[in-house]
Amino acid sequence: MRDEILSQLYWRQGEYVSGQELADKLGITRVAVWKNIEALKEEGYLIEAVSRKGYLLRNGKEMIIPGVVKAELRGCLLGRDIIYYSQLDSTNEEAKRRINAGCKVEEGTVIVAGRQTAGRGRMGRKWESPAGGLWFSVVLSPELAVSELALLSLVFARAVAKSLDTFLPGGCQIKWPNDVYVKGRKLAGILLELSGEMDRAHYLVAGVGINVNVAREDLAGEIRDAATSLYIEAGRKVDINKVLTGVLKSMDDYYNLFRERGFSPIREEFKACCMHLGRKVRVKRGEGYIEGINEDIDFMGNMVINTGKEIIRISTGDVSII
């Protein structure tokens, strides 16, 4: 019922909606409306109540409204269920907890958090996840060999980058395999975690973190010069529900394309926005480094490096431009 009330308030932003109108539309009592409104306030939704006017949602563009996002994603696999928490340790961890506890988690379920206290990026790095960002995980059950699933990092990176282009004056770039950058600063990242055998995954959790309405002063000091946000780049706050809807639609499109036709049709798009293709790079692998020209991204998603002495195909590592 809370989702329905939130959706009604969101669709009427800038207007007061009377408790009686909400009660009549949803088939509940005005007391029930009031109780749900109070619960929503505790979750962080700023709902103003004025006698003889009704209720007004003040921060609808800054808070996830699950019912609104689901309505926009009707017909998509991704987003068939949206579960929102004001705070979690990690959306990936919550998805895995639900799966491992035997809870029914349909493919395409999305778990979203207003902020994360223990968000993680690739290679176990801490991912700063303050309020104002978009932190979510998608549960998938792809009928693909585990060896193919690594390509989804690149597929989803392209999907996220393409959707975020619509909110920016300039386009996004990708740092292999799955970080999204704008003007040399990190805007978004992806973390895939899976459970399965060599021939098939039992499930895959795709975690996505995007700095949406995050001000520069809200970024941790150690990453302030290396990270950015839609708010910083666009110079205005954007509706986080529209960002989530757009990203999930794009991920759904690219996921379906990948399942039907493989990586080949996506590879050229990925290469076109790869920020270091054709440039000299250094790749950290374990305790060592490889340096050379990044000449290609091959059909298995490997980064192809020409060291001047040999051609090396790299499937995992941390790349930087030199």
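## Interface of domain 2 and domain 3

Across the interface of domain 2 and domain 3, six residue pairs are in polar contact, both residues of each pair being at pLDDT 80 or more. The model is a predicted one. On the side of domain 2 that touches domain 3, α7 (151-165), β6 and α10 (264-272) each supply at least two residues. The largest share of that side, four residues, comes from α10. The count of salt bridges between the two domains is three. In a salt bridge, the side chains of D318 and K175 meet at 3.9 Å, N to O.

In terms of contact, 14 residues of domain 2 meet 16 residues of domain 3. Domain 2 and domain 3 bury about 1,300 Å² between them, and 59% of this area is on carbon and sulfur atoms. W176, R267 and K271 supply 50% of the area that domain 2 buries against domain 3, more than any other three residues.

## Domain layout

The domain assignment divides the chain into domain 1 (1-57), domain 2 (66-272) and domain 3 (276-321). Between the C-alpha centres of domain 2 and domain 3 the distance is 24 Å.

## The annotated region at 19-38

Residues 19-38 carry the annotation "DNA-binding region" in UniProt, where the entry is unreviewed. In the model, this stretch is 85% helix and 0% strand.

## Backbone features in loops

The peptide bond from W176 to P177 is cis, with omega near 0°. P177 is placed in the loop between β6 (173-175) and β7 (179-182).

Two residues other than glycine have a positive phi: R52, near 70°, and K183, near 50°. R52 is found in the loop between β1 (47-50) and β2 (54-57). R52 counts as exposed because its relative accessibility is 84%, the cut-off for exposed being over 50%. K183 lies in the loop between β7 and β8 (185-196). With a relative accessible area of 68%, K183 is exposed as well.

Definitions and conventions. Residues numbered from 1 in each chain as written. Heavy atoms only, no water. Buried < 20%, exposed > 50% of the residue type's maximum accessible area, 1.4 Å probe, protein only. UniProt positions renumbered as here; feature names shortened; annotations may be inferred. Domains from an automatic or database assignment. Contact = heavy atoms within 4.5 Å. Buried area = accessible area lost by both parts, 1.4 Å probe. Salt bridge = Lys/Arg side-chain N within 4 Å of Asp/Glu carboxyl O. Polar contact = N/O pair within 3.5 Å; in protein donor to acceptor, adjacent residues only side chain to side chain.
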